[in-house]
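User: I'd like to learn how to read backbone angles and helix packing from a model. Please take me through them one feature at a time.

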Amino acid sequence: MQIKRSTVTLNPFARIAGFVTACFLVVSTASAQPQQWLDQADSLAKVQQYKAANEKLSEFTQTYPQRKYDLGEAYFKMARNAFRLNDLSLATQYNQQSADLRMKMNPEALGWNEQLSARIQLVNRQPEPALKHLEKAMAFPFFDDPLVPAEIALLKSEILEQMGAYTEAAQAAEEAVAIVEVVEGADAPIMAALHLQSARMYSSQEEWEKAAHASRLSMSVKDSPEAQLQLGKALLAMGNTTAETQKTLNIAQKQGLPPVQIEASLALAQLELANGHYSGVMAQLDSAEPFINEQLGGKGGESELQTGRDYTTAAARAAYLRSCAWLLDSDDHSAIQAFRSAQNGLQILGDTDNQLQQQLLEQGFLSLLQYQEEPLPKDTLYASLSSWTQQYLNQQILIGRQDGERAHLLDLETLKASLPSKTVAVYFLKGLQSDFAVYVFGEALNLQQLKPSQVRQAFNLSDEPSADPAFSVLFSPLEPYQNKIKSLHILAPAAWPKNSILQTPVPSSMATGIWPFRRKAQSLNERYEVLEYAGFIPTASLKSQGKDSPRLH
C-alpha cells in the first residue's frame, strides 16, 4: 500500500510560501483590528448609541496606548459622544486629551477640537469664549470636508444669537445657506437646519414674513416640529389667528420634544387669548406648566430651550398669559387673580428679561385698574398699587433731574409723608402698549390708563385733533379736589415735553378767584405751584426691547 504524501511535503518551496502567506494574514489581521475597533464605535454612534460607542473607544485607548495618532482620534470621538450625551465636563476632558495628542501627532486636525470647544461653551451660555474658539477653528482649512465652512457659519450664527447680535446672526445663517447651495444644492439635508436657524433669527428681529418663508423652506427639505413651531409663531405674530395657525402649532405640540411642546403650548395659549377664549388659554397653560416644572427640575432637552434660564422665562410667560386670561373672565375676583399672576411672573423672572418684566408690570397696572373699579377693600388696593408703582420705577427706570444728575430711588411712603399739605404727587409711567398715571393726594390714590394716541394728541404731536382737552387726558383726577390743591410734584418720562405739560391749559371750572375777577386763561404751572418736576429715562429702549425676547401681545 502506497502512502500518498502531500504536495507541500513534496515541494519545500510550497511549504515556505504557505508559511509566508499565513504570517502575512496574521500580521494583516493584527494591524486591521484597531481600525475595526474604531469603525465599530463609529457604527454605534451613528445609531445614537453614544454610551456604548464610548465604552468601545475606552477599551481601544486601554488596549493600544502606544498608538498616539489613533488615540487623538479616539479621544475626540469620545468627546463628541459625551457632548451628545450632554456630559459637558467629560466632553471637555476628552477634547483636551485629544488636542494634546493632536498637537504632537496631527496639528492640522486641531480645528475640529476648537469647533467642539465652541459648541461646549455655547451650551454653557458662554458666547464670548465660544466665539474665540470658533475663530481659531476658522483658521484651519478642513480640506477633507467642503461643508465644514457651512457648519462653522451656522455655529457662528447660534453664538451671535446668544449674544443678542441678531442681525449678524442672520447674516451668518445666510452665508451658510449660500455655501451649501454651491456645494450640494438647495435640497441638501443640512439646508433644513440652516433655514430653521434663519427663521429663528428673523423672528428675533420681528421680521415675521421672512421668518415664515424660511420656516417653509426648512419644511420643504425636511419637515420638523421645530419648523412648524417657527411657522406658527410667525403667523400668529402677523395676526393670523385662523385654523391654519392652530393646525401648525398643534403639530409642533404633539410631535415635538418637551421644549418645543412648551413653546407650542404657550403660542396656542396666546392664540386663544387673541380669540378671546378664557377657557382655551387656561387649558393650554395647564398642559404647558407641568412640562415647564419638569424641565426646571433638572431634565434638559436639546431644542430652543436648553438652559434653566429659558425655562424660567417660559414659566414667567405662562404667568403673564394667565394674568391676561383672568381679565377676560367676568368673575368678581378676576382682577385680583390677574394681579397675583403678574406678581408671580415677576417673582419667577427676577432680572433676566427686561421686555417680559415690562409686560408683567404693565399687566399688573391693567389688573389694578379693573381692581380699582371692583367693590374691594381700598386699603388693599392702595398697598398693592403703592408697592407696584415703586417696583415699576425702581426696577425699570433711572430717575433723574433735568440737569442729568441721578436722583434717589423713589420711596412712595417716604415721599408722601414729606409732601406739604394740599400737594398732589403725579407719576406718569411709560409702558409698552399704554402709559399710566398715578395720582396721590393724602389718603386718596387714583390710577389712570393713558393710551399713547391720547398722549400724542394732548401734546399736539398727532395729526388727529384731540377729542378731550389736554388737561382732561393728563390731570382729570385732580378735578374733584380743585379747591384743595395748591402744589404739584410731577414725575414723567424724560422724552415727554416738559414745557407742554407745564403749559397745559387748566379748565375754567378750576380757575381761582371770584367772578368777574376770576383768572381764566391759566396754565398748569400758573394755577399750581410745581414743587418739583423730575424726568426719568428707561434703562433699556422700549423699541429695542422687542428684539430681546418674544413679544406676547
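User: Let's start with the backbone. Where is N86 found?

Analyst: In the loop between helix 4 (68-84) and helix 5. Helices here are DSSP runs of H or I, at least four residues, and strands are E runs of at least two, numbered from the N terminus. This is a predicted model, where local features need pLDDT of at least 70, side-chain atom pairs count only at pLDDT 80 or more, and totals for chains, interfaces and linings use all residues. Residues are numbered from 1 along each chain as its sequence is written, and side-chain values use heavy atoms, with hydrogens and water left out.

User: And what is phi of N86 near?

Analyst: About 65 degrees, a positive value in a residue that isn't glycine. K422 is another non-glycine residue with positive phi, near 60 degrees. You'll find K422 in the loop between helix 20 (412-418) and strand 2 (423-429).

User: Which residues make the contact?

Analyst: Contact means heavy atoms within 4.5 Å. Helix 6 brings W112, Q115, A118, R119 and L122, while helix 8 brings V148, E151, I152, L155, E158, I159 and Q162. Sorted by type, the contact of helix 6 with helix 8 has seven nonpolar, two polar and three charged residues (nonpolar is Ala, Val, Leu, Ile, Met, Phe, Trp, Tyr, Cys and Pro; charged is Asp, Glu, Lys and Arg; the others, Gly among them, are polar).

User: Let me try another pair. How do the axes of helix 12 and helix 14 cross?

Analyst: The axes of helix 12 (residues 225-237) and helix 14 (residues 258-274) cross at roughly 20 degrees and come within 10 Å. That makes helix 12 roughly parallel to helix 14. On the helix 12 side, the contact uses P225, E226, L229, K233 and L236; helix 14 answers with V260, E263, A264, A267, Q270 and L271.

User: How do the residues of that contact of helix 12 with helix 14 divide?

Analyst: Into seven nonpolar, one polar and three charged.

Technical notes. Axes are lines fitted to C-alpha atoms, for helices over the stretch in contact, and angles run from 0 to 180 degrees between N-to-C directions. Angles under 35 degrees count as roughly parallel, over 145 as roughly antiparallel, 65 to 115 as roughly perpendicular and the rest as oblique.
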